[in-house]
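The sequence and structure are shown below.

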Amino acid sequence: MDYLQENFFTIFLTLFYVGGCLYVGWYFKKQAASGVADYYVAKRKIPGWVISLAFFSTSASTNTYIGQAGKSFQYGLSWAWMGLIWTVFCIISWQLLGPRMRTHTARLQSFTIPDYFHLRYQSDMAKFIRVLSAFIILFATVWYMVGIAKGCAVVLETVLDVPYLWGAAAILFITCAYTIWGGMYSVLWTDALQGIIMFGVAILMLALPFIFVGGVEPMMEAISNTTHVTKAGEPMGNGLVTFGSLVSFLYILGIGLSIGMKQISEPKNLIRFYSVDNAKSMRFAMIWTPIFLGVSLVCVMGLGALVHGMATAEEAAVLIQDTDKVVGFMLEKFDNKFVSGICVAGLFAAGMSSLASVIIIIGTALVKDIWHVISPMREEQLIPRTKWAMFGYCIFTFGLVWVLSIYPIGGIVELTAFAGAVFAASFFPGIFGGLYLRWGTDAGALASMIVGMVANVVWRLFFRFEFAGLKDVHEIIPAFLLSLITYIVVSRMTKHRIPDEAHLDLVFGKD
Amino acid sequence: MDFWTAFPYWGILLLVGINAFIVIRRGIEVEDRH
């Protein structure tokens, strides 16, 4: 009984939030089942404000609100450069890819990122690219799903004492349920609601440390010269507010690029462009998406550094060893049930919005871009099989979470950053070239995809940690440049593989 | 707080403002439409 009394507000808010998500999924159940265009891209009829919030909530996840926010506890306020790089790529994505991708995919009747490669480049080789890119999606996103399920399970465990595996199962299967029911409709509408919660919680979380210490001036005084120690045990001094003191700029640039460039290459982000309903909506989303993302990142990226103002030297020495615990510590120290309840809802929203987006991408890749290509099926079989594929993949992910709870491995956050680098290097040239270069070819797209993957692996295994000067040069930098050059050179060398003029006129129209 | 540490905080806000200005000034075309 004490448990219920103590956690009443958090439990009430969590149940209300979960109930809302499930209701949205159920509400769109019938509409989503009426055809592939409905289930896969919400029939390209979604208003701009929904798409804008959905893009933001899909991009930021629990990794952002817990992992990245906590990192500045170790690296200081200049960690916000991560947020700046991220916002730059959000703007590039909406300016460079958004409008053109919406127009071209409608002309080609493309419903997934892999099928865009096939329909744009038009050949048996392009069909192979479609299947290959679907496999890349399956392998690259499983670690992301595991990371989010783990993040949410830890929140449930620390705040509500829910056993870890039960928490992971609840998060995975609740998200799976509303995604299966409403397809892209429920993914986008729940993402939008979650985006509103996340935006509010980012601002609320920023306010907490300032309220705790009594304002901006006492806070800046506390963190400008601190006796707290770094991970190596050295006093931080003025490191938290000094550029380049606690972390090299090159390191921030590498991690920032690998996470920021997901905006221009990861299918769960790019698929948002497919569903925008008209030019007015596109314009709204182009303005507001960077605002939602940028303002939220301004709030959370430096949060960890501010928590130094709330912690004693002893507490800080413990926290610096595991910065994932910084946000939880902040809520515990602030000690207000109402605030904790709202922030927990925000953390769930951050996790579930990214999870739902990934689940539908995996379902469509598995059924439409692998199974359907290898063994064609009738259209009415596509949706039921996509639903089963999503359910099966959630069971597989839960199995992986369960195994990892028995045999833990380190570096899941590193693995998801690596997956981001693979997407950026292997997908972006083929998509960008497809949208802008009439002379781009299937051979160019395939070669750049393979070079992007290989360069990522080779740089990480054989160069980055073998030479002292290259330690902070993330694999995304050489892999992305090599992949882009490969696309241009190979396309130029294989002019005979350019699709015919009639097809290119259909794709490019009058633009 | 030195200039380069503070830069990303106001830089992000300035950047999204410039982006909004550019989009407002520019026409966007989107068609209404294996």
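## Surroundings of A:S491

Leaving aside residues up to four places away in sequence, A:S491 touches A:W439, A:G440, A:T441, A:G444 and A:T486, where contact means heavy atoms within 4.5 Å. A:S491 belongs to helix 21 (residues 476–493) of chain A; helices are DSSP runs of H or I with at least four residues, numbered from the N terminus. A polar atom of the A:S491 side chain lies 2.9 Å from the backbone oxygen of A:Y487. A:S491 counts as buried because its relative accessibility is 1%; buried means under 20% relative accessible area, exposed over 50%, and partly exposed in between, with a 1.4 Å probe and protein chains only.

## Basis of the model

The model is predicted: local features need pLDDT of at least 70 and side-chain atom pairs count only at pLDDT 80 or more, whereas totals for chains, interfaces and linings use all residues. Residues are numbered from 1 along each chain as its sequence is written, chains are lettered from A and ligands numbered from 1 in the order in which they are written, and side-chain values use heavy atoms, with hydrogens and water left out.

## Salt bridges and the helices they join

Over all chains, the whole structure holds six salt bridges, each defined as a side-chain nitrogen of Lys or Arg within 4 Å of a carboxyl oxygen of Asp or Glu. In one of them, A:R130 pairs with A:D369, with the closest N and O atoms 2.8 Å apart. A:R130 lies in helix 8 (residues 124–160) and A:D369 in helix 17, both of chain A, so this pair ties together parts that are 239 residues apart in sequence. A:R130 is buried at 1% relative accessibility, and A:D369 is buried at 0%.

A:D191 and A:R272 form another salt bridge, their closest N and O atoms being 3.1 Å apart. Because A:D191 is in helix 9 (residues 164–213) and A:R272 in helix 12 (residues 267–274) of chain A, the pair links parts 81 residues apart in sequence. Both A:D191 and A:R272 are buried. A salt bridge with an N to O distance of 3.0 Å also joins the side chains of A:E315 and A:K333. Here A:E315 counts as partly exposed at 26% relative accessibility, and A:K333 likewise counts as partly exposed at 26%.

## A:I370 in helix 17

A:I370 is located in helix 17 (residues 337–374) of chain A and is buried, with 8% relative accessibility. Residues up to four places away in sequence aside, A:I370 touches A:V131, A:A134, A:F135, A:L138 and A:A365. A:R102 is 268 residues from A:I370 in sequence, and their C-alpha atoms are 23 Å apart.

## Cysteines

The whole structure contains zero disulfides over all chains, a disulfide being a pair of cysteine sulfur atoms within 2.5 Å. For A:C90, the nearest cysteine sulfur is that of A:C299, 16 Å away. The sulfur of A:C343 is 12 Å from its closest cysteine sulfur, in A:C299, which is too far for a bond. A:C90 is buried at 0% relative accessible area, and A:C343 is buried at 0% as well.

## Interface between chains B and A

In this interface, 26 residues of chain B contact 41 residues of chain A. The buried area is about 3100 Å², with carbon and sulfur atoms giving 64%; this quantity is the accessible area (1.4 Å probe) that two parts lose on being put together, summed over both. Zero salt bridges are counted between chain B and chain A.

Methods
Helix = DSSP H or I, 4+ residues; strand = E, 2+ residues; numbered from the N terminus. Polar contact = N/O pair within 3.5 Å; in protein donor to acceptor, adjacent residues only side chain to side chain.
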